[in-house]
Amino acid sequence: MKTINDFNFENKKALIRVDFNVPLDEELKVTDATRIEAAKPTILKVLEDGGSAVLMSHLGRPKGVEEKFSLKNIVATVSDIIGVQVKFVADCVGEEVDQAVADLQNGEVLLLENLRFYSEEKAGDKEFAEKLSKNGDIYVNDAFGTAHRAHASTAIIAEFFPENKCFGLLLAKEIESLEKVLGSSEKPVTAILGGSKVSSKITVIENILDKIDHLIIGGGMSFTFIKALGGSIGNSICEDDKQELALSILKQAEEKGVKVHLPVDVVAADAFSNDANTQVVDIHHIPDGWEGLDAGPKTNVGFSYVIAQSKTILWNGPVGVFEMKSFSKGTIELGNAVADATADGAFSLVGGGDSVAAVKQFGFADKVSYVSTGGGAMLEMLEGKTLPGIDAIIN
Ligand code: AMP
């Protein structure tokens, strides 16, 4: 795996595909700069070597050129974070860009305009990729969030840099962390899957069954399993058409020697509201008119016990409706258990949009080994797929 550490960027222009797809408020100010922070080490390495950096990214889902999706809106934030006054050019290909790239001096950073102002970007257009490739000497992909897309700037462009292409530090760390989990010899390996739907995680479960020892299933998706096993789940969310699948997962797990842990009790509410009345009930006997919205106390103890024994932990998805305070306890206790196991030497990887939000909200981000930045890309890697953005650098 070639990373930027295998190159010296002195007098070189690094063309870096970053993921600066950051949220903006109504005044077009960046509200969460995590993704920009995450790209900083890669950019600094290039500058410290004595080279310059040309940054390219997408932002949002523009239909053609739309001012509110212009990357000029983030120039000030990027400059603050990198500690260099970032230059900006209002296009990503063409004469004006050629000139700006030619004028770029060592130690300088140039941000190009939103790649998705061109439909050719998402189409993976080869000519467009070739034009983009003129913007640097060495191509660096540091955008894990889009690594599962075969877009012009994330994959197709790599063929114009047969020797001079590599992963940035962020993308390299993502790959290493996922490989550590998927190829782990540090057993027991525990996967915690939560969230709302079985259907969105099914391929992940099937792929990881060969690699894990324990599977903790929590959150909304557990009710499909409980109902399939004959339980009464009241109004809890359930994918009725996935019950057969749930049973087949349990069977496959048993055949492969994977121990599955389902919740045993649940905090049930009489409405989907933070102010609803609640009671703790056996998960197999949820009364009519009530729905399970968080893991119950016995479940939390049981899950925590399994996590405490684990040497490698993968966590994707909350075990309750953590956005509402009344139903956040299960997810917080689970996070505590993962943090404690990590402190005891386990390797823990948290990924997928909502679990990342949860670990940040509850202050666990620094207490786990790695928090993945790419939700969809991470899920596809866990599904065992080859990601075009990664493949393009390796092959
Ligand atoms: P996902 O995007 O599939 O990972 O699902 C995350 C969402 O699942 C979060 O917004 C949670 O609020 C939701 N969730 C977790 N547990 C439950 C539950 N018991 N009932 C309804 N939604 C849930």
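Predicted model: local features only at pLDDT ≥ 70, side-chain atom pairs only at ≥ 80, totals over all residues.
Local features require pLDDT of at least 70 and side-chain atom pairs pLDDT 80 or more, while totals for chains, interfaces and linings use all residues. Residues are numbered from 1 along each chain as its sequence is written, and side-chain values use heavy atoms, without hydrogens and water.

**Domains**

**Interface**
- Eight residues of domain 1 contact ten residues of domain 2 (heavy atoms within 4.5 Å).
- About 680 Å² is buried between the domains, 61% of it from carbon and sulfur atoms; buried area is the accessible area (1.4 Å probe) that two parts lose on being put together, summed over both.
- Phe 144, His 148 and Leu 170 supply 69% of the area that domain 1 buries against domain 2, more than any other three residues.
- One salt bridge is found across this interface (a side-chain nitrogen of Lys or Arg within 4 Å of a carboxyl oxygen of Asp or Glu).

**Ligand surroundings**
- A backbone N or O atom of Ser 196 lies 3.0 Å from a ligand oxygen atom.
- Ligand nitrogen atoms lie 3.1 Å from a backbone N or O atom of Gly 220 and 3.0 Å from one of Gly 292.

Methods. Polar contact = N/O pair within 3.5 Å; in protein donor to acceptor, adjacent residues only side chain to side chain.
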